[in-house]
Amino acid sequence: MNGRVDYFVTEEEINLTRGPSGLGFNIVGGTDQQYVSNDSGIYVSRIKENGAAALDGRLQEGDKILSVNGRDLRNLLHQDAVDLFRNAGYAVSLRVQHRVQNGPIGHRSEGEPSGIPIALVLVPVFALTMVAAWAFMRYRQQL
């Protein structure tokens, strides 16, 4: 196995209602504090237990926040992004980019799982066995 991991990116609109402790997450990033090399985006660094984001369950640590209430977060200083979140109001709409790991790429050695659920193999085999048994019984009746 070569150890390379592939990712795919999805976007989602998440609507949160500000709670007693705010939106319930911390952010990192900005043009002055790049969290990811060559990317000045704003990322979720921590989800606070029992906060609005944790109770909703869709926002995850490492997600990139693209916009807040329709306001683009590109090319903002970190403090400007923080201020934007603080002043976003009670109902907050976030456009979020999730980066989902697609798993290791490359040759699997013997004994490693292939990633195919056993039911995906057994159900068609069982169906083919049943069709073969039915065909055999029909053939025998005709003799």
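This note sets out points on selected residues of a predicted model.

1. Lysine 64: position and burial. Lysine 64 belongs to strand β4, which covers residues 64-68. Is this lysine buried or exposed? The relative accessible area of lysine 64 is 16%, so the residue is classed as buried, given that the class requires a value under 20%.

2. Lysine 64: surroundings. A polar contact of 3.1 Å joins the side chain of lysine 64 to the side chain of aspartate 39. When neighbours within four places in sequence are set aside, the residues in contact with lysine 64 are Asp39, Gly41, Ile42, Tyr43, Arg95, Val96 and Gln97.

3. Asparagine 38. The loop between β2 (25-29) and β3 (42-47) holds asparagine 38. Its phi is positive, near 60 degrees, in a residue other than glycine. Asparagine 38 has a relative accessibility of 74% and therefore counts as exposed, the limit for that class being over 50%.

4. Asparagine 69. A positive phi is also found at asparagine 69, with a value of about 50 degrees, although this residue is not a glycine. Asparagine 69 sits in the loop between β4 and β5 (71-72). How accessible is asparagine 69? Its relative accessibility is 39%, so asparagine 69 counts as partly exposed.

5. Arginine 86: position and exposure. Helix α2 spans residues 78-86 and includes arginine 86. Because its relative accessibility is 60%, arginine 86 counts as exposed.

6. Arginine 86: contacts. Which residues does arginine 86 touch, not counting those up to four places away in sequence? They are Arg18 and Gln79. Arginine 18 and arginine 86 are 68 residues apart along the chain, and their C-alpha atoms are separated by 9.9 Å.

7. Valine 121 and a nonpolar patch. Valine 121 is placed in helix α3, residues 118-142. With a relative accessible area of 44%, valine 121 is partly exposed. Together with Leu120 and Val125, Val121 makes a nonpolar surface patch of about 270 Å².

Terms used
Residues are numbered from 1 along each chain as its sequence is written. This is a predicted model: local features need pLDDT of at least 70, side-chain atom pairs count only at pLDDT 80 or more; totals for chains, interfaces and linings use all residues. Side-chain values use heavy atoms; hydrogens and water are left out. Patches are made of residues with over 30% relative accessible area and no salt bridge: like charges are joined within 9 Å, nonpolar side chains (Val, Leu, Ile, Met, Phe, Trp, Tyr) within 5 Å. Accessible areas come from the Shrake-Rupley method with a 1.4 Å probe; for residues, only the protein chains shown count as cover. A salt bridge is a side-chain nitrogen of Lys or Arg within 4 Å of a carboxyl oxygen of Asp or Glu. Helices (H or I, at least four residues) and strands (E, at least two) are DSSP runs, numbered from the N terminus. Buried means under 20% relative accessible area, exposed over 50%, partly exposed in between (1.4 Å probe, protein chains only). A polar contact is a pair of N or O atoms within 3.5 Å; within protein, one must be able to donate a hydrogen and the other to accept it, and residues adjacent in sequence count only if both atoms are side-chain atoms. Contact means heavy atoms within 4.5 Å.
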